[in-house]
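I opened the notebook to look up a few things in this structure. The entries below follow the order in which I looked.

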Amino acid sequence: MTGYFIRRLLWIVPVLWSITLITFLLMHAVKGGPFEAGETKASSTARQALKEKYHLDEPVVVQYGYYMKGLLQGDLGPDLATQGQSVNHILAKNWRPTVTLGILTTIYASVLGISLGVLSATRRNSFIDYLSVGFATIGASTPNFVLGIMLVLLFSVKFKFLPAIGWSEDWMDWRPVVMPVIALGSLSAAFIARLTRASMLEVMNQDYIRTARAKGLDERSIVTRHIVRNAMIPVLTAIGPLAAALVTGSFIIEYFFSIPGIGRAYVQAILGRDYPLIMATTLVYALVVALANLSVDLLYAVIDPRIKYS
Amino acid sequence: MSIRSRWFLLFAGVMSLVLVAAAACGGGKSSADKTATAGAGTGAKTATTTGGLPADMAPDDQQVLVVNDGTTGGAEPNTIDPQATSYTYEVSIDTNIFDTLFTQDPKTSVLVPMAAAEVPTTANGGISSDGLTITIKLAPGRKWSDGTPVTAQDWVYGIIRGFNLNVSGSGYGGFITGIKGAAEAGKLDAKSPTYVADVAAAFKDSVVAVDASTIKIVITAPSASFLSNLTLPITSAVKQANVEAVGADFGLAAGASKMVTNGPFTVKEWVPKDHLTLARNVNFTRGHKAYLKEITYKFIEDQNQAYNAYQSGQLDEAAIPPVLFAQVSGDASLKALLRQEEVFGVDWISVDRTIDPWKNKDFVLAVAQATDRDTIAKDVYFNTRKAWNAPCAAAVLACSPETFKTYAFDLTAAKASIAKAYPNGSIPHVTLEIPNDPVTKALATTLQSQWDKIGVTADIVTTDQKTLRADMKGHKSGTQITGWTMDFADATDLWSIFTTAQIGGNNLGFYSNPDYDKLSDKQDATLDTAARKTLLGQLQTILAGDPPNIPFTVRERVQIFKPYVKGLSSSPFNWSVYSDQTFSEVYIAKH
C-alpha cells in the first residue's frame, strides 16, 4: 500500500510537467498577448521594453525554459497585470476562498445527495422518492449561474437576509457562503442523489440482503451496514472527481458572487493573457485533480476489503 | 417508528434547523446596509453650518461609503501607483489619493490650479514668450499624509519617475513626451543598473525644482495641451523616501496601505480580488478634510450582480445595467436616485483603413450613412447612450457635429455612396469581430441588419478582446467596436489619436493622412485659442470626407446612489473627465 502510494505520488510529477508543456504551448498559440496596442497609453517603445523585460520577445521554447527554471526554484513568475506582484503572492492570497468553497460544496453535495438518494431508495415510489427524483432532475438541468441568480433575487434582493456578493475570512460568518455553496453544489448533489438511489436499489435486490432479512436482522443494520456501505463504492468513485471539479470549476460562481478566489483570478488571467498566472492556476488545478483521484483510489481499499494495492 | 421514518425525520429536522438558523441570523451585518428613509436624491446642493460641515451630515461613524465604481465597470486596479496607472478604474482611485498640479473646473472644463498656486500663462510669466519654459508655483502649506510638507522636489521626482519604463511601462508615459529629454530617456536601456540615474540625467535641465515651491519644465515645442497633461496622475508628486521604503510593492495590494499620499484620502487596505478601502487623510491641507471617513471600492464586474448588491443594501452605488434601465427609470422612487450623465467619450467602430473594403473612403461613408444610431441607442442601449454622428463629444473644444453630418443616417445617401464605392455592385463581405458579451452581440446583429439594407453583408465573429486586438493589429478583422473617453478636456487628446504617429498605439484603424497629421501638430502648437479653433475646424473637415471610423453613440454613465449619499458634483460635463470623480465633497446624510 505504501509503495503504491509513493509510486502514485511520483507519477504526479511527469503528469504536471506534461501539463506545463501543453498549457504553455496552447497559451502561446492563442492570439493576443499581455501588452497589446490600444489597451493602454503605453507607446510601442514602452510595450517593446515590457516584452523584453518578461522575455516575451524570445522564442516560445526559450520562454518555456525560463518558466521551468523559475518553477523548479519555486518561483511561479511575475503577474503581468500588476507587473510587480508575484504569482506566488496572488495564489497565497486567493487559494483559501476557492478551497473553502470547494470543500464546503463537496460536503453539501455529498450529504444532501447521499441523504436524498438513500431516502429515495428506501422509500421507493413514496412522496420522498418523487421529491428526491424531482430535485435530482431540476438540479441536473439548472446551470449553477441560473440557480445563483434565482437565489440572489430571492434571498438578497427580496428578503435581504443573505449578502449578494462577497466573502468573509471570519469562519463564524457563514452567511456569504450559503448561496455560492448551494449554487455550485446542487447539480452535483442531484447527480449524487441519482447515483446513490440507483446503487442502493441495485444492492437492495442482492441475494445477501434478502438473506440478511431472512436471518431477522433489524432494518437499521441492514440499511447502514449492508446496503449503504456496499452502495457507496460507485458513489465514492464519482465523488472524488466531483470534489476536484467543484474546487476547480468554481470560477463562474466566484465571478458571479465576487469571491476573491483563484477561479476568478484564472478567468481574468486568461482574458488578459497573463501567462504566468494562467500557468500557475492550471498547475494548481491539475494538482488538485491528481490528488483527488489518488485519494479516491486509496479510499476504495478502505471501503471495499476485496481491493488491495501492491 | 420504522427506520425509514427516522431517516426522514432526521433529514427534515436538520433542514428545519438550517432554515430556522438562516432566518434567525438573517439581516443586518452588511456594512452598507443603511435603510433609506429620506433624502432628495444625489447631487443636492450642500448646506453648511458655521462649523463648515453640512447641516444634514450624519455622525462621523456613519461616514462610510461603499461603491462599486460603476463608472469604471467595477474592475480591480492593477496598480494605484500614480506613475503606473493607465485604466479609468485605476485613475479614479488615484484622483482621490493624489493631487495633481492642475485639474479641470467641473462646470466649465477650464484648467484650474490644484496643487499649483495658479495656472501659468504668458501674462503671469508662467509661460515664457517662446512657449517653451513653464514655471509652476506651488500653493503653500500642502502636506503629505504623514504630515511632512510637499515640496517642488517631490513633484520633480514624480514627473521624472513617469518616464521610468520599469515603473510606467504600461502607463501614461506617452502623454508627457513633449518634455525636453523625453526622447533621450525613451532610448535608454531599462535593464541597465544605472537606468534610474540615467533617466533623471535626461531631465536635469528640463524638469527642475527651482526652489522648494517652484518647478520649471522645459518642453520641446509650444503646446496648447501640455498643461492639461499635468491633470493626469502620472505627473503627481510622490514622496521619494516613501517610494523607496515601500519598494516593489508601491502601488500594489501588498504595499498600498504604506503609501504616503497628498489627496483627500489615503489607503487603509486593499484586499486583492475583493475590495480597496480609502480612509480620510487627516493631514489634508488643500481644502477641508474629506467628510467621508472611509470609502470602500468593491470589485464586482458583473453589472447585474452589482445592482443586486445595491438593492440588497451591500452597496451605496452601482451602475444600472442597460437592460434594467427602463424598469428603474420607470419607477419614480428609483428614478430620483439615478444619475445619467454624458461623458467626454464617443463609441465608434474602428475600421482598418489599409485593407479592402475599408480603405475605400466612399465605402466607409456608405456604412456610416447606413448606421441608424437612434435605433442603436434605443434597442441596444435602452437609451443609456445617446445617438451621435461625430467622433468628438459636444464639449470638446471646437467640436463641430455639423461638420460630421456627412456620416448621419441617410439610406439614400448611403446607397449613393456604396454605388460610388462599388459601381459594379460586387460588394465584399465585411467581418464584425466582437467580444462575447450580450450588449455587443446585440449591437453587432443590429449593425448587420442595418448594413444589409445597402447590400453590405457583415459576418459576425465572436471572440475575446485579446484575439480581437491581435486580429485588428494583423489586418485580419477589419473592424473593432471601440471608442474613446478623453483623458482631459483638451481637444488634442482626441484628435491626435488619428495621426500616423499613433498607428501601433491608439490609432486602431491605421488611419493615415499627411495633411491631417500636419494640421494636428499645428493646432496643438497654436496657443491662440481663436486661431486654434480655426485649425480644429479644418482638421474635422478632413475627417468628415475621409472617415477614420464610424461613430454611433456618446457614452453615458448611468449610476444609482442611495438617497443619503449627498454632495456628488454635477456639471454640464458631469464627471465627464474621469479625474473629476473625487469624493472629497461627498457625505452621508442623516437618515
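At what angle do helix α11 and helix α12 of chain A pack, and how far apart are their axes? I found that α11 (residues 262-272) and α12 (residues 275-303) of chain A pack at an angle of about 140°, with axes 9 Å apart. Axes are lines fitted to C-alpha atoms, for helices over the stretch in contact, and angles run from 0 to 180 degrees between N-to-C directions. α11(A) and α12(A) are therefore oblique to each other. I noted the cut-offs: under 35 degrees is roughly parallel, over 145 roughly antiparallel, 65 to 115 roughly perpendicular, and the rest oblique.

Before going on, I wrote down the ground rules. This is a predicted model, where local features need pLDDT of at least 70, side-chain atom pairs count only at pLDDT 80 or more, and totals for chains, interfaces and linings use all residues. Residues are numbered from 1 along each chain as its sequence is written, while chains are lettered from A and ligands numbered from 1 in the order in which they are written.

From α11(A), the contact takes Ile262(A), Ala265(A), Tyr266(A), Ala269(A) and Ile270(A). From α12(A), it takes Leu277(A), Ile278(A), Thr281(A) and Val284(A). Contact here puts two C-beta atoms, placed from the backbone, within 7 Å. I sorted the residues by class and got eight nonpolar, one polar and no charged. Nonpolar covers Ala, Val, Leu, Ile, Met, Phe, Trp, Tyr, Cys and Pro; charged covers Asp, Glu, Lys and Arg; the others, Gly among them, are polar.

Next I took chain A as a whole. I listed 12 helices and zero strands. Helices (H or I, at least four residues) and strands (E, at least two) are DSSP runs, numbered from the N terminus. The C-alpha trace of chain A spans about 85 × 55 × 35 Å along its principal axes. Of its 310 residues, 42% are buried. Buried means 20 or more other C-beta atoms within 10 Å of a residue's own, exposed means 12 or fewer, and partly exposed lies in between.

Then I looked for the largest nonpolar core. Such a core is a set of buried Ala, Val, Leu, Ile, Met, Phe, Trp, Tyr and Cys residues joined through C-beta atoms within 7 Å. This one has 220 residues, and Ile192(A), Leu65(B) and Val367(B) touch the most other members. Helix α7 (residues 175-204) of chain A gives the most to this core, with 15 residues. I followed Ile192(A) and found that its contacts include Ala109(A), Ile114(A), Val235(A) and Ile239(A).

α12 (residues 361-369) and α14 (residues 411-421) of chain B pack at about 160°, with axes 8 Å apart. That makes α12(B) roughly antiparallel to α14(B). Among the residues that meet are Phe363(B) and Leu365(B) in α12(B), and Ala414(B) and Ile418(B) in α14(B). This contact divides into seven nonpolar, two polar and two charged residues.

Why is helix α2 of chain B largely enclosed? I counted 10 of the 10 residues of α2(B) (residues 88-97) as buried, so the rest of the structure largely encloses the helix. What covers them includes β7 (265-271), β8 (275-280), β9 (294-298) and β15 (479-485) of chain B.

Last, I looked at Ala209(B), in strand β5 (residues 207-211) of chain B. Ala209(B) has 17 C-beta neighbours inside 10 Å, so it counts as partly exposed. Its contacts include Ala152(B) and Ile215(B).

Terms used:
Lists of a residue's contacts leave out its neighbours within four places in sequence.
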